[in-house]
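Welcome to a short tour of the structure shown here. We will look at helix packing, a sheet, the chain contact and a few backbone details.

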2 protein chains.
Amino acid sequence: MPVRTITHMTDTIGKPSRRSGGRATRLVKRASKPVIDPCPPGQIGGAYRPLSESDLHRIYDTALRLLSELGMGEVPDRLAQDLLKAGAEDDGQGRLTFPRSLVEDASAKAAKTFILHGRDDNRSIEVGGNKVYFGTGGAAVQTLDMDNGLYRPSTLADLHDFTRLQDTLANVSWYTRCCVATDVPDNFDLDVNTAYALLRNTTKPTATSFTLAEHIDPIVKMLDIAAGGDGAFSKRPFMKAHISPVISPMRYGEDAVDVVYDCIRHNIPMSCITAAQAGATAPATMAGFLAQSLAETLASLVMVHAIAPGYPMVFSNWPLVVDLRTGAFSGGSGESTVLNAASAQLSNWLGLPSGVACSMTDAKAIDAQYGAEKGMSSLAAALAGGNLIYESSGMTASLLGASFEAFVLDDEMHSNTYRALRGIEVSEDNLGFEAIKEAVLGAGHFLGGDHTITAMERDYFYPTLADRSEPRTWAENGAKDAWTLARARAREILTTHHPEYLSTDQDAEIRRQFKIL
Amino acid sequence: MPVRTITHMTDTIGKPSRRSGGRATRLVKRASKPVIDPCPPGQIGGAYRPLSESDLHRIYDTALRLLSELGMGEVPDRLAQDLLKAGAEDDGQGRLTFPRSLVEDASAKAAKTFILHGRDDNRSIEVGGNKVYFGTGGAAVQTLDMDNGLYRPSTLADLHDFTRLQDTLANVSWYTRCCVATDVPDNFDLDVNTAYALLRNTTKPTATSFTLAEHIDPIVKMLDIAAGGDGAFSKRPFMKAHISPVISPMRYGEDAVDVVYDCIRHNIPMSCITAAQAGATAPATMAGFLAQSLAETLASLVMVHAIAPGYPMVFSNWPLVVDLRTGAFSGGSGESTVLNAASAQLSNWLGLPSGVACSMTDAKAIDAQYGAEKGMSSLAAALAGGNLIYESSGMTASLLGASFEAFVLDDEMHSNTYRALRGIEVSEDNLGFEAIKEAVLGAGHFLGGDHTITAMERDYFYPTLADRSEPRTWAENGAKDAWTLARARAREILTTHHPEYLSTDQDAEIRRQFKIL
């Protein structure tokens with residue numbers, strides 16, 4: 001089991017802050033007693049298997065049949081040439097079909113594990129196997145205002161704030177811009193300023209979206225400045241791209257495919273995300289949904305294989321669900337819980353680095369609905385072994401909203417999930433026959449014994465936001481709910497954590513070349 | 001998969017109410033459009049297996065070794081005689097040890113499945129196999145007041161109210177008195193009035209605790225009145241007893257053992273509950289905890305076997321956790337989540353009807369902490385296949401509190417859990433190759449098609465409390481949180497649902513014989 005020394009508040013400190021070094025130093029001091037995190041990110045999943053072996057085969061076979069008989073529509077010319085070269089077939093009716101052997105070849109040659117680099121290498125993570133990491137996906141268009149508890153359009157200032165907030169949260173293992181700066185109307189300015197917000201406020205592995213392929217060249221120049229010079233970023237890319245090259249059902253999207261080509265040219269790792277919606281763009285039957293969505297994500301993989309075999313791609317097969325009553329997307333449900341878990345199981349079973357989503361509550365308030373929907377879907381996705389679990393932090397309102405309070409609460413929730421995921425180590429010492437015998441024949445209890453203290457320090461997670469006091473103490477302390485406690489914590493972090501991970505020179509150079517808002 | 005027709009509000013209507021027949025009739029009407037519940041109680045668990053096969057064997061072997069080498073202390077004389085007759089051995093130092101063969105014999109002869117009867121037979125459930133049912137455990141001493149959002153001592157009036165509230169909730173599959181009437185100081189009056197509250201307000205399978213064995217005879221007389229005459233209750237018992245015959249670590253409790261003997265005499269099914277606390281009365285190491293707690297619950301089973309082989313006993317092996325920082329019990333954690341799931345897996349692996357606990361949040365407020373802790377532990381216990389999942393509804397504050405709002409929220413959460421548990425049915429029709437082909441080559445979407453509508457009605461759960469509206473609509477409707485919505489729902493039910501499941505004659509007869517407060 002991975003164990004590492006952490007201080008949740010100081011996980012934040014990568015490079016020294018130029019504006020608030022004093023504050024950062026105080027933070028380090030305050031949290032300086034090293035604590036063993038009993039349940040760090042990267043715990044091993046797979047103990048929950050919603051699909052039987054035969055289910056897995058049937059869904060996979062149906063996906064292969066969809067690709068070989070129905071194939072993909074609207075294939076951009078450049079991609080069509082590459083796909084045909086790799087073994088795809090033209091059905092003569094405007095669609096390219098993929099023989100089973102092509103898909104299996106793409107799977108076999110796919111990158112099974114790879115590193116998502118942080119600018120701070122201590123924050124890099126390895127994707128693949130059964131390792132589980134929570135991270136973000138984006139992209140909310142509204143922010144839950146901490147002052148009035150209502151939603152308002154998300155801004156670039158919010159994006160900076162969210163980025164530096166999550167920089168302190170150990171359980172956001174990679175950070176995708178979680179909201180869209182709706183106050184930046186121009187798409188190029190938006191992409192540029194989004195990338196800048198990430199560079200300035202975090203050294204974790206990051207991710208973003210490119211509205212158009214032509215934005216990539218200039219943004220890579222900005223990333224090169226942060227990386228230390230021309231071409232430096234591509235040698236050790238610390239930002240991946242979230243792309244949806246497939247439009248459900250079963251066709252490619254030209255703009256996104258263009259982005260794919262340019263990402264590959266710059267060695268930007270990709271999360272190719274299929275975001276079909278059950279009952280709208282994919283079947284409402286869950287088995288059918290999984291078959292189509294698997295076929296579509298395999299179509300992304302075949303695309304990558306045709307362009308650059310073995311290129312790092314997170315196989316991001318996200319099941320989304322709509323509520324029949326309204327036609328609106330709903331993220332907080334038992335359906336969403338089991339579908340994302342099943343998707344993770346499918347991808348892992350194929351040996352591909354899996355990406356699914358969780359914690360996508362429909363709640364607007366930071367309330368009991370919020371907690372229950374997030375708790376269930378997070379645990380399921382993690383137990384099923386989802387490698388990268390997107391949308392897991394800070395998101396509310398069916399992915400329309402992002403919330404500062406949510407980020408800090410979700411961080412603690414993920415520790416509980418990782419703790420559950422870590423499981424139970426069965427060893428002679430842990431079985432403790434002798435310790436039990438001693439307690440039974442001796443003191444009659446286990447309080448304070450070495451066996452107890454050691455285990456409590458090594459194996460138990462102690463929350464700092466969750467209130468475990470008894471009702472009277474809780475009332476005496478103001479009968480606060482989790483939303484209130486989280487707001488105070490978020491405010492404290494936003495007041496104290498101003499990391500600024502760009503040097504003065506880097507920042508000046510970026511501002512010289514780009515319109516930083 | 002079990003499917004049944006429900007209307008969540010009218011699941012409540014067993015016998016007609018004598019006081020509010022008109023209201024009840026209106027309720028039936030309002031909810032009269034039959035809806036197929038896609039995820040009723042009794043879904044099949046087992047897809048989550050926190051322990052490997054080798055883990056299971058090692059824990060079981062350690063439990064057997066504890067019983068055969070260390071055995072049980074403080075065995076009451078009557079029980080000692082029965083145990084020795086069954087094959088236990090006196091270690092000459094005040095403890096009885098159980099040879100492996102005795103434990104295996106008790107397991108082999110144990111009741112593997114049995115019915116928990118409701119007075120309304122439509123509400124009976126079968127315990128065992130991998131069927132999962134949520135229910136209550138008790139016993140809170142404080143009630144979350146709906147008027148001021150703070151806790152106060154629980155009363156007999158609360159118990160009546162909780163009982164009739166849960167009577168309307170489909171996902172409380174059996175009902176144990178969830179709170180203690182702290183305004184009834186005399187123990188006999190307490191036991192009598194607790195049983196009366198259950199009789200009057202629900203026809204589900206019920207459960208209670210008996211403070212002393214001598215309370216059982218008179219209470220069975222009361223149950224007989226409700227059942228229709230002398231001896232009628234024992235022929236078809238609709239109330240089980242929650243008993244903790246073992247005091248951790250590894251000794252029997254005399255009063256509880258007396259209760260066991262009298263329950264068996266009256267054919268009252270029993271939940272024999274081991275409630276060891278990790279780090280206090282059992283090892284803090286999770287494997288050691290499970291070994292000892294399993295040994296202790298097996299000691300209850302051997303006890304039952306020695307008295308009446310095959311007598312119905314729910315093998316209730318509950319892992320509880322203490323927070324090292326305070327020594328207080330904590331129910332809302334990753335540790336608690338994985339331990340209860342592992343315990344369910346262990347009991348099911350042994351083929352015994354498993355009882356575990358979940359949804360035991362430490363939160364006092366009905367807030368995000370509440371939801372996350374409940375969501376995680378409920379899902380884990382259910383996925384692991386816990387047959388009877390206690391404490392799952394209405395409980396707050398580390399089991400110190402009970403809440404009306406919590407009951408209605410938990411009911412909806414359990415539907416989501418059951419929905420996840422139901423899993424994904426993989427059939428030719430569900431895989432939907434033809435439906436996908438038709439959508440791809442035709443309309444380009446799946447909205448409104450027969451394949452979609454059928455699945456949406458058959459397979460999807462539609463919540464009525466969870467808010468799925470977008471932020472603007474939510475704000476226009478008052479920006480309500482789940483606590484507020486649940487309070488309104490609970491108040492509505494308490495205003496309208498006055499079932500009174502005792503006839504006028506039965507009620508008068510009970511009041512003639514007992515001091516009903």
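In this predicted model, helix H11 (residues 334-349) of chain A packs against helix H12 (residues 368-383) of chain A at an angle of about 15°, and their axes are 8 Å apart. An angle under 35 degrees counts as roughly parallel, so H11(A) is roughly parallel to H12(A). The crossing in which H11(A) passes H12(A) is right-handed. On the H11(A) side, the contact is made by A:Ser336, A:Thr337, A:Val338, A:Asn340, A:Ala341 and A:Ala344, while H12(A) brings in A:Met376, A:Ser377, A:Ala380 and A:Ala381.

Let us move to chain B, where an open sheet of 8 strands has the order S8-S22-S21-S18-S16-S13-S12-S11, with parallel pairing. Strand S8 (133-134) and strand S11 (175-176) of chain B are the edge strands, each pairing on one side only. Further in, strand S21 (residues 354-357) of chain B and strand S22 (residues 388-390) of chain B pair in the parallel sense over 3 bridges. One pair of bridge partners is B:Val356 with B:Ile389, the latter in S22(B). Helix H10 (residues 286-307) of chain B packs on the sheet, where it touches strand S16 (270-274) and strand S18 (313-317) of chain B. The direction of H10 makes about 165° with that of S18(B).

How many residues of strand S13 (residues 239-243) of chain B are buried? The strand is mostly covered, with 5 of its 5 residues buried. In a regular strand, side chains alternate between the two faces of the sheet. Here B:Met239, B:Ala241 and B:Ile243 point one way from S13(B), whereas B:Lys240 and B:His242 point the other way, and all are buried.

S13(B) has a partner in strand S12 (residues 206-208) of chain B, which runs parallel to S13(B) and is joined to it by 3 bridges. B:Ala241 in S13(B) is the bridge partner of B:Thr208. S13(B) also pairs with S16(B) in the parallel sense, over 3 bridges, and there B:Ala241 stands opposite B:Met270 in S16(B).

**Where the chains meet**

The contact between the chains takes 107 residues from chain B and 108 residues from chain A. On the side of chain B that touches chain A, helix H12 (residues 368-383) of chain B gives the most, with 12 residues. That side of chain B divides into 60 nonpolar, 27 polar and 20 charged residues.

**Backbone details worth a look**

Most residues other than glycine have a negative phi, and most peptide bonds are trans. The table lists the backbone values that stand out against this background.

| Site | Feature | Value |
|---|---|---|
| A:Ser248 and A:Pro249 | cis peptide bond | omega about 0° |
| B:Ser248 and B:Pro249 | cis peptide bond | omega about -5° |
| A:Met250 | positive phi | near 65° |
| B:Glu500 | positive phi | near 50° |

A:Pro249 lies in the loop between strand S14 (246-247) and strand S15 (251-252) of chain A, and A:Met250 is found in the loop between S14 and S15 of chain A. In chain B, B:Pro249 lies in the loop between strand S14 (246-247) and strand S15 (251-252).

Is A:Met250 buried or exposed? A:Met250 counts as buried because it has 27 C-beta neighbours inside 10 Å. B:Glu500, in the loop between helix H18 (482-496) and helix H19 (504-513) of chain B, is partly exposed, with 17 other C-beta atoms within 10 Å.

Definitions and conventions:
Residues numbered from 1 in each chain as written. Chains lettered and ligands numbered in written order. Predicted model: local features only at pLDDT ≥ 70, side-chain atom pairs only at ≥ 80, totals over all residues. Axes fitted to C-alpha atoms, helices over the stretch in contact; angles between N-to-C directions. Helix = DSSP H or I, 4+ residues; strand = E, 2+ residues; numbered from the N terminus. Parallel < 35°, antiparallel > 145°, perpendicular 65-115°, else oblique. Left-handed = near helix turned anticlockwise from the far one by under 90°. Contact = placed C-beta atoms within 7 Å. Buried ≥ 20, exposed ≤ 12 C-beta atoms within 10 Å, placed from the backbone. Pairing = 2+ DSSP bridges. Nonpolar A, V, L, I, M, F, W, Y, C, P; charged D, E, K, R; others polar.
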